Amino acid sequence: MEFLLTDSIADDILFAMENQNEESVFDSKRGCVYFLNSEDVPAGFKSLDEYLESEDVYSLPSWSSEEGFDLLEKFTEKLHAPLASQNLRRVLSGRRGVFRNFKNEIKKYPEVERQFHVFKNKEMRTKINQWYNELRESWGLERIAELEEDETQELVSSDFDFHNYDSLKDRESIACGVKIIGEEYKSLYPEHLGDFVKELFFRQSFVDDLDSKKGFVCTSQSGDFAGCILYSESLSCSKKTAALTDFFVLKNYRGFGIGKELLLKCIAFLKKSGIQFILVSNIIMPEYMEEFFLHIGFEKLGSGLMADLRE
């Protein structure tokens with residue numbers, strides 16, 4: 001019996017596919033999923049075997065634990081968040097208790113977890129769509145359009161909040177973030193040199209009091225601090241120049257495009273405010289950060305970087 005694959009039916013089928021403890025079929029006459037472990041035989045049938053032979057009953061798309069594992073691997077391979085990706089790969093290499101461990105690990109990264117649910121739903125919906133098209137062909141009907149591929153790794157505006165820096169509301173989060181990044185810088189260098197680099201980063205960040213800085217802050221959907229970009233307006237001798245004093249994204253949130261979004265927002269705001277030059281004087285900047293700035297359009301200026309907003 002022909003049926004229309006509605007969103008509600010697709011949701012029920014998806015739920016049944018994930019249920020590895022019970023076998024189920026789709027009953028097109030009743031428009032619902034029927035779990036075969038039920039003790040009741042559907043009305044109008046003498047036995048379960050008779051029911052399963054009915055033309056209204058269809059087997060659901062297959063979804064094995066192997067297919068589930070392949071989905072986890074596919075998602076992890078496409079993931080652009082370095083820290084989460086590294087830890088999820090470690091979980092997948094363990095194999096034992098992989099699904100439970102993957103679930104527990106990904107909960108540490110709320111934005112990544114949200115992307116995974118979107119990705120998993122899309123992959124399984126595609127499989128359901130393919131299954132339905134095979135049925136339509138058997139009915140002599142045309143196939144419906146396949147679901148379009150989309151990138152779950154791109155930054156979605158609803159995933160993060162970007163707001164103007166408020167010293168009263170944000171200073172504590174930024175001060176904590178500076179300490180975290182300082183420790184990260186310290187770990188890149190041996191012994192006492194690491195301590196010196198960390199202290200240098202602290203002093204550079206707090207050259208100006210946090211109350212006098214301006215810029216933008218990014219928080220996660222749950223309100224957790226993710227990153228910031230702050231600048232200090234220059235000395236009285238040049239009202240057309242600003243210097244970036246703080247620009248970082250915490251490890252758990254890297255790979256989502258937050259840094260680029262923060263920098264582009266800051267550039268657009270400064271340009272609109274009449275600023276002509278932006279300076280970056282961080283002499284201990286990691287190489288990947290320098291490449292990032294150059295890609296955006298900054299130029300080398302001595303040991304630092306500069307962007308000309310007049311162009």
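**Exercise 1.** State whether the crossing of H3 and H4 is left-handed or right-handed.

*Solution.* The crossing of H3 and H4 is left-handed (the near helix is turned anticlockwise from the far one by less than a right angle). The model is predicted: local features need pLDDT of at least 70 and side-chain atom pairs 80 or more, while totals for chains, interfaces and linings use all residues. Residues are numbered from 1 along each chain as its sequence is written, and side-chain values use heavy atoms, without hydrogens and water.

**Exercise 2.** Find how H3 and H4 are oriented and which residues make their contact.

*Solution.* Step 1: helix H3 spans residues 65-78 and helix H4 residues 82-94 (DSSP runs of H or I, at least four residues; strands are E, at least two). Step 2: they pack at about 155°, with axes 10 Å apart (lines fitted to C-alpha atoms over the stretch in contact; angles run from 0 to 180 degrees between N-to-C directions). Step 3: H3 and H4 are therefore roughly antiparallel (over 145 degrees). Step 4: H3 contributes Phe69, Leu72, Glu73, Thr76 and Glu77 to the contact, and H4 contributes Ser85, Leu88, Arg89 and Leu92 (heavy atoms within 4.5 Å).

**Exercise 3.** Describe the sheet and what packs on it.

*Solution.* Step 1: three strands form an open antiparallel sheet, ordered E2-E1-E3 (strands pair if DSSP finds at least two bridges). Step 2: E2 (32-35) and E3 (57-59) each have a single partner strand, so one side of each lacks a neighbour in the sheet. Step 3: E1 (residues 24-27) pairs with E2 over four bridges, and Val25 has Tyr34 of E2 as its bridge partner. Step 4: helix H1 (residues 7-18) packs on the sheet, touching E1 and E2, and its direction makes about 25° with that of E2.

Notes: Angles under 35 degrees count as roughly parallel, over 145 as roughly antiparallel, 65 to 115 as roughly perpendicular and the rest as oblique.
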